Amino acid sequence: MFEAIAGAAKSIFLEMYIFADDTETHHFFDILKQKARDGVKVKLVVDAFGSSALRTEDVARLREAGVEIHFFSYWLRHTHKKILVVDGKIAFLGGVNISKSFRKWNDLQVRLSGRIARGVIRSFARSYRDCGGQDQEVLSYLRRKNFLQQTRIKFFGRQYFALKSPLARHYRAKLSDAKESVIIVTPYFAPRRWLVGVLHQAVLRGVRVEVLLPRHTDHPIFDRMNYIFIPKLHALGVVFYLHPEMNHAKALFLDGREGMVGSHNIDPFSFSSNTEAGVVFTDKKMVEELGKIIEEWKSVSEVFTPSMYRPDWFDRLLRSLVDRIW
């Protein structure tokens, strides 16, 4: 991503959930400011909550250099996307935020090129417009032909009701059609009842359902949420692989023939109120590469057994609350 920005000649569109000026080896703020001074059109959209650590003086320096930056700020809604488009030709999307806090995490990011990048720009332009962006060249992508079907790229989110969201429809349809295997990679696992039901139905059809999670996440409360659902779905026949390191990747791997990489977690926020970006692909080389990465992660992971986690009183309290509202 850093190298693509360094080579930009015309435009840089960056949308991030977490964007911080604390990277020690790749100084994104410095190169973005330099590119803006060189006459490259630099547009940023960052989430107001996720990027709340951004200092006022850092934002001011970006704007002084000619960078246009907007904050996505809506009640209970966030842009959870992590996308970059350079010169309208090279695009990146996945789970990678920009901050030194994540430098040792496992994650997935996809590099795309050619016509497909216009679909990613369209997603960026939607957030840019919602944040008050006025550049007509950027906004013109909203009036152009929708390239999503032609390019096999799909963007998810922006819906308030989970069962009506594109992401929920995608998961429901694909999991219902799976014939042999389903592998979900996610750092946070808090599925709604409908998703638990779809996963259970897949198991009953004889599909092997696997979920790859970090053994411990970046926060104790997320660990507790994961371990509310892990034993419950384990009892239904879902196999959980617990990775020894923090794994922030988000992926869906179906029957060894279709993959999806995106920014979404398996939680109600990604499936309802957040804006997300993901790419679905059946390209053989891409599928093989994703499968190889997942197998490498599984090879160093431990298969969950109930003896690994003993719930305490707080877990039981949290579980009772979740059962009422989830």
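**Aromatic rings: exercises with solutions**

At 5% relative accessibility, Tyr227 counts as buried (under 20% relative accessible area; exposed is over 50%, partly exposed in between, with a 1.4 Å probe and protein chains only). The model is predicted, so local features need pLDDT of at least 70 and side-chain atom pairs pLDDT 80 or more, while totals for chains, interfaces and linings use all residues. Residues are numbered from 1 along each chain as its sequence is written, and side-chain values use heavy atoms, without hydrogens and water.

**Exercise 1.** Find how many aromatic pairs the whole structure holds, then describe the pair of Trp194 and Phe271.

*Solution.* Start with the rule: rings of Phe, Tyr and Trp (its six-membered ring) pair if their centres lie within 6.5 Å, and planes under 30 degrees apart are stacked, over 60 edge-to-face, the rest tilted. The search finds twelve aromatic pairs. Trp194 and Phe271 make an edge-to-face one, with 5.9 Å between centres and 70° between planes. Next, locate them: Trp194 belongs to helix α8 (residues 193-204) and Phe271 to the loop between β12 (258-262) and β13 (278-281), so the pair ties together parts 77 residues apart in sequence. Here helices (H or I, at least four residues) and strands (E, at least two) are DSSP runs, numbered from the N terminus. Finally, both Trp194 and Phe271 are buried.

**Exercise 2.** Work out how Tyr227 and Tyr309 are arranged.

*Solution.* Their rings are stacked, 4.3 Å centre to centre with 10° between the planes. Tyr227 sits in helix α9 (residues 220-234) and Tyr309 in the loop between β14 (302-303) and α11 (313-325), 82 residues apart. Lastly, Tyr309 counts as partly exposed, at 21% relative accessibility.
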